[in-house]
Amino acid sequence: MPTNLPSEAKRKWNEVSMARNPTEKLRLMREFLSLVPKHKGTAKLCAQVKRQMAILRREIEEKKRRKTGRGGPKFFVEKEGAAQIVVLGPTKVGRSSLLTSLTNAKVEVSSYPFTTREPVPGMMLYQDIQFQIVEAPALIEGSADGEGWGLQTLALARNADGLILMVDLSNEPRKQLELILNELDKARIVTQKPKAQISIERKHMGFGLRIICIGKLVDCTLKDVENLLKSYRVNDAIVKIQGEASLDDIEDAIFESTAYRPAIIIANKADLAVNLQKQIIELQNFVKGKLNVIPISCKTGLNLDKIGEEIFKMLDIIRVYTKEPGRKNPSPKPFILKRDSTVLDLARQIHSDFVERFMFARVWSKRLTFSPQKVGLNFKLEDGDIIEIHAR
Ligand SMILES: Nc1nc2c(ncn2[C@@H]2O[C@H](COP(=O)(O)OP(=O)(O)OP(=O)(O)O)[C@@H](O)[C@H]2O)c(=O)[nH]1
Ligand SMILES: [Mg+2]
């Protein structure tokens with residue numbers, strides 16, 4: 001997004017980023033837009049800012065409604081269990097049917113469209129952990145531009161740990177998938193790990209600019225990045241750059257970060273499919289084989305027992321069982337960590353001062369030639385490992 005914005009506009013965007021009050025933020029965004037010259041190079045940016053304004057407007061409305069006690073749908077679902085998975089799809093694909101098949105949730109299944117109007121959570125057991133499955137209201141074309149409850153639905157997806165993209169095999173599934181992916185794209189949510197991952201965390205005045213670059217800068221130097229950030233008055237922040245990032249990627253992140261959410265595609269109503277095999281291949285080709293497509297039927301129960309494992313695989317997580325020194329058995333409740341986590345990551349999760357007090361750990365694992373093995377903070381953990389940490 002090479003926009004070449006005038007410096008007043010850049011300065012204004014900094015005011016937007018720093019504003020905490022939604023009404024104030026909205027006013028500043030309007031002022032920002034008036035400072036942006038309108039041409040082809042800025043069209044995308046303007047659309048994006050307008051979308052952010054629409055989200056803010058909704059937020060303000062919702063707050064007002066809650067104050068006056070007029071209720072209205074609630075769009076934030078507190079996370080529970082090992083991960084929160086949001087089920088997205090057009091109406092009538094069977095999102096409620098899936099939720100009732102997999103979880104304890106009570107939700108209405110009906111042949112009428114748009115039955116589910118607010119997010120409904122339920123807990124699903126997978127081996128020894130639980131996933132929270134949340135049915136989102138239906139997506140429609142224009143959801144990302146504020147149609148229906150689209151903005152809240154997409155905010156729900158942004159907040160999730162993973163997504164189920166659900167389509168109906170008896171009703172043009174490829175078109176349905178295209179719709180879902182389009183709306184996600186507009187809302188800057190991607191389902192494939194982007195080349196660059198950039199986060200900008202604003203800090204108080206006087207903090208200074210800290211750029212942490214784990215990865216590679218493409219076509220630019222660290223100095224260029226610093227100059228760009230300074231031109232936007234980003235003087236006090238922690239900027240993390242992962243992967244392969246270009247200057248454009250960093251400019252993009254100043255306006256809105258791209259959220260990466262892993263996803264699987266669930267193709268429901270396999271019992272009604274005319275040519276199941278062919279349809280599944282078509283869907284796989286459509287996403288260039290980058291997302292898993294699982295045919296299921298909520299009616300016959302086909303493949304419902306495979307979903308837990310698919311979710312687990314997509315999340316790229318591992319379970320680690322801790323054991324207190326002297327005890328015989330590990331705790332039955334595992335810690336959930338990202339794949340490739342080390343003993344250090346685990347120690348941090350257990351307690352903030354655990355790392356300083358750490359002496360050594362013992363790990364039991366099937367993959368080790370002998371167990372237990374004495375290890376240090378850098379030891380890489382794997383799913384199923386049992387660990388005993390010795391600390392001062
Ligand atoms: N044949 C068949 N019908 C199904 C299947 N799954 C769901 N249905 C039917 O599809 C219709 C819609 O199901 P819901 O689960 O309510 O769909 P939804 O996606 O939650 O829809 P909304 O919340 O209204 O947007 C209902 O009539 C279900 O009985 C399936 O696997 N096979
Ligand atoms: Mg529903």
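Reader: So donors are N, O and S atoms within 2.8 Å of the metal (3.2 Å for Na, K and Ca), and water is not among the atoms, so sites may look incomplete. Which protein donors does the magnesium ion (ligand 2) have?

Author: Ser-96 (OG), Thr-116 (OG1) and Glu-135 (OE), at 2.1 to 2.3 Å from the ion. Before you go on: this is a predicted model, where local features need pLDDT of at least 70 and side-chain atom pairs count only at pLDDT 80 or more, while totals for chains, interfaces and linings use all residues. Residues are numbered from 1 along each chain as its sequence is written, chains are lettered from A and ligands numbered from 1 in the order in which they are written, and side-chain values use heavy atoms, leaving out hydrogens and water.

Reader: Got it. How are the donor residues spaced in sequence?

Author: The pattern is S-x19-T-x18-E. Ser-96 sits in helix α4 and Thr-116 in the loop between α4 and β2 (120-126), so this pair ties together parts that are 20 residues apart in sequence. Helices (H or I, at least four residues) and strands (E, at least two) are DSSP runs, numbered from the N terminus.

Reader: Ser-96 and Thr-116, buried or exposed?

Author: Ser-96 is buried, at 8% relative accessible area, and Thr-116 is buried too, at 10%. Buried means under 20%, exposed over 50%, partly exposed in between (1.4 Å probe, protein chains only).

Reader: What does Ser-96 touch?

Author: Leaving aside residues up to four places away in sequence, Ser-96 touches Val-107, Glu-108, Val-109, Thr-116 and Glu-135. Contact means heavy atoms within 4.5 Å.

Reader: Switching topic: what's the strand order in the open sheet of three strands?

Author: The order is β6-β8-β7, with mixed pairing; two strands pair if DSSP finds at least two bridges between them. β6 (196-202) and β7 (209-218) are at the edges with a single partner each, so one side of each has no neighbour in the sheet.

Reader: And how many bridges join β6 to β8?

Author: Seven, and the two strands run antiparallel. Arg-202 stands opposite Ala-237 in β8.

Reader: Which helix lies across those strands?

Author: Helix α8 (residues 247-255) lies across β6, β7 and β8, at about 140° to β8. Axes are lines fitted to C-alpha atoms, for helices over the stretch in contact, with angles from 0 to 180 degrees between N-to-C directions.

Reader: Last one: how many disulfides?

Author: Zero in the whole structure, taking a disulfide as a pair of cysteine sulfur atoms within 2.5 Å. For Cys-220, the nearest cysteine sulfur is that of Cys-213, 8.5 Å away. Cys-220 is buried, with a relative accessible area of 12%.
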